[in-house]
Amino acid sequence: MDPVLLRQVCRTYHLDSVGVPALRDIDLTIRANCFTVISGPSGSGKTTLLNLIGGIDRPDAGVGANSGEVIVAGQPLQALSDDALADFRARHLGFVFQNFNLLPVLTAAENIEYPLRLTGASPARRRERVRELLAAVGLADPVDLGGRRPGQLSGGQRQRVAIARALACAPALVLADEPTANLDSATGAAIIALMRRMQREQQVSFVFSSHDPQVLAAADDRVYLRDGRITALERSADTTANSSGEGGGGMGGPSAGPLPSRPAIPSGDRPLYSADEGLQ
Ligand SMILES: Nc1ncnc2c1ncn2[C@@H]1O[C@H](COP(=O)(O)OP(=O)(O)O)[C@@H](O)[C@H]1O
Ligand SMILES: [Mg+2]
């Protein structure tokens with residue numbers, strides 16, 4: 001199943017009497033088990049698009065055939081009340097932010113555990129999952145950093161915690177808004193490699209917003225936005241995605257066709273932690 005389907009989605013912000021059209025007529029299918037990047041200049045609508053997919057915001061209410069639709073993991077989000085949407089987000093989505101958004105009073109392990117508490121996982125299950133994720137994101141070895149608070153961790157380590165937290169409840173989809181924007185390029189590259197590996201190992205779809213060339217190079221699919229519209233879409237032909245691909249949902253804007261090859265970011269079935277991902 002395609003994890004995300006947007007049909008005729010518009011979002012207009014209203015400032016006093018002026019309407020700011022942040023997204024216009026977005027038609028987009030995001031493929032399963034892919035690394036999809038939404039790119040475009042500042043103000044092009046990337047964050048707005050992620051917020052709509054993540055159920056943090058809702059599209060304009062159109063009339064009849066003009067009403068936009070956001071379907072995530074098979075669920076039309078417009079059918080959910082605000083409470084049901086919050087529950088859906090907790091169970092099916094993970095979020096990674098530019099400024100990490102960790103809870104400063106909790107340790108790394110407690111931050112990762114937090115969404116598991118919200119969804120009612122048992123203490124044993126929580127302990128097991130936290131241990132597994134700390135190891136998977138490289139925070140357990142050589143030194144166990146799970147007991148540290150975010151203030152005692154580097155930016156790269158904080159983003160590792162945030163990635164582990166995003167994956168805690170085994171979501172269908174992880175959304176990341178400019179996840180490398182606050183990191184130096186070496187740390188950013190390490191974080192991208194980590195997300196790439198986690199995406200494959202955990203069989204989850206990742207959607208990023210970014211204008212970082214390293215993130216673009218690592219992507220399977222690239223969606224280019226400008227002034228709230230999709231101006232181009234590139235899809236990698238060489239992917240393990242199990243969706244119907246191009247025919248899936250009607251695309252907005254021209255397509256640049258399949259990419260020639262898999263990007264040069266480390267991949268494959270490596271065990272838990274890889275030196276390529278650095279220790280930043
Ligand atoms: N809360 C808001 N109120 C009014 N306008 C907004 C708000 N958020 C974003 N915008 C406007 O919507 C457009 C898209 O913004 P955004 O989605 O943040 O773009 P990006 O993430 O690509 O920088 C911009 O013109 C921005 O100024
Ligand atoms: Mg933004």
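User: What's in the hairpin of strand 4 and strand 5, and which residue there takes a positive phi?
Analyst: In this predicted model, 2 residues lie between the two strands, and Ala73 takes a positive phi near 50°.

User: How many bridges join strand 4 to strand 5?
Analyst: There are 2 bridges between strand 4 (residues 69-72) and strand 5, and the two strands run antiparallel. Ile71 has Pro76 in strand 5 as its bridge partner.

User: And what sheet are they part of?
Analyst: An open sheet of 4 strands, in the order 2-1-4-5, with antiparallel pairing. Strand 2 and strand 5 (75-76) are at the edges with a single partner strand each, so one side of each has no neighbour in the sheet.

User: How is strand 1 joined to strand 4?
Analyst: By 4 bridges, with the strands running antiparallel. Arg7 stands opposite Glu69 in strand 4.

User: Switching to the ligand. Which residues surround ligand 1?
Analyst: Ligand 1 has Tyr13, Leu15, Val20, Ala22, Gly40, Ser42, Gly43, Ser44, Gly45, Lys46, Thr47 and Thr48 around it. Strand 1 (4-15), strand 2 (18-30) and helix 1 (46-53) are the elements that give two or more residues to this shell.

User: Which element gives the most?
Analyst: Helix 1, with 3 residues.

User: How does the shell divide into nonpolar, polar and charged?
Analyst: The residues around ligand 1 are 4 nonpolar, 7 polar and 1 charged.

User: OK, strand 3. Is it enclosed or open, and why?
Analyst: Strand 3 (residues 35-39) is largely enclosed by the rest of the structure, because 5 of its 5 residues are buried. Side chains in a regular strand alternate between the two faces of the sheet. In strand 3 both faces are covered: Phe35, Val37 and Ser39 are buried on one side, and Thr36 and Ile38 on the other.

User: Which strands is strand 3 joined to?
Analyst: Strand 8 (residues 205-209) is joined to strand 3 by 4 bridges, and the two run parallel. Strand 9 (residues 221-226) is also joined to strand 3 by 4 bridges, again running parallel.

User: What stands opposite Thr36 and Ile38?
Analyst: Thr36 stands opposite Val207 in strand 8, and Ile38 stands opposite Val223 in strand 9.

User: Now helix 4. How far does it reach?
Analyst: Helix 4 (residues 123-136) has 14 residues and spans 20 Å from its first C-alpha to its last, close to the 20 Å expected at 1.5 Å a residue.

User: Which residues of helix 4 are buried, and where do they fall around the axis?
Analyst: Arg126, Arg129, Val130, Leu133, Leu134 and Ala136 are buried. Seen down the helix axis, they fall within an arc of 160°, so they line one face of helix 4.

User: What do those buried residues pack against?
Analyst: Helix 3 (108-118), helix 5 (155-167) and helix 6 (185-201).

User: What comes just after helix 4?
Analyst: Gly138, which takes a positive phi of about 80°.

User: And where is Ala121?
Analyst: Ala121 is in the loop between helix 3 and helix 4. Ala121 counts as partly exposed because it has 17 C-beta neighbours inside 10 Å.

User: What is Ala121 in contact with?
Analyst: Leaving aside neighbours within four places in sequence, Ala121 is in contact with Leu116 and Arg126.

User: How far is Ala121 from Cys169?
Analyst: They are 48 residues apart in sequence and 9.0 Å apart in space, C-alpha to C-alpha.

Key. Residues numbered from 1 in each chain as written. Chains lettered and ligands numbered in written order. Predicted model: local features only at pLDDT ≥ 70, side-chain atom pairs only at ≥ 80, totals over all residues. Buried ≥ 20, exposed ≤ 12 C-beta atoms within 10 Å, placed from the backbone. Pairing = 2+ DSSP bridges. Near = placed C-beta within 6 Å. Nonpolar A, V, L, I, M, F, W, Y, C, P; charged D, E, K, R; others polar. Expected span 1.5 Å × (residues − 1). Arc of directions from axis to C-beta. Contact = placed C-beta atoms within 7 Å.
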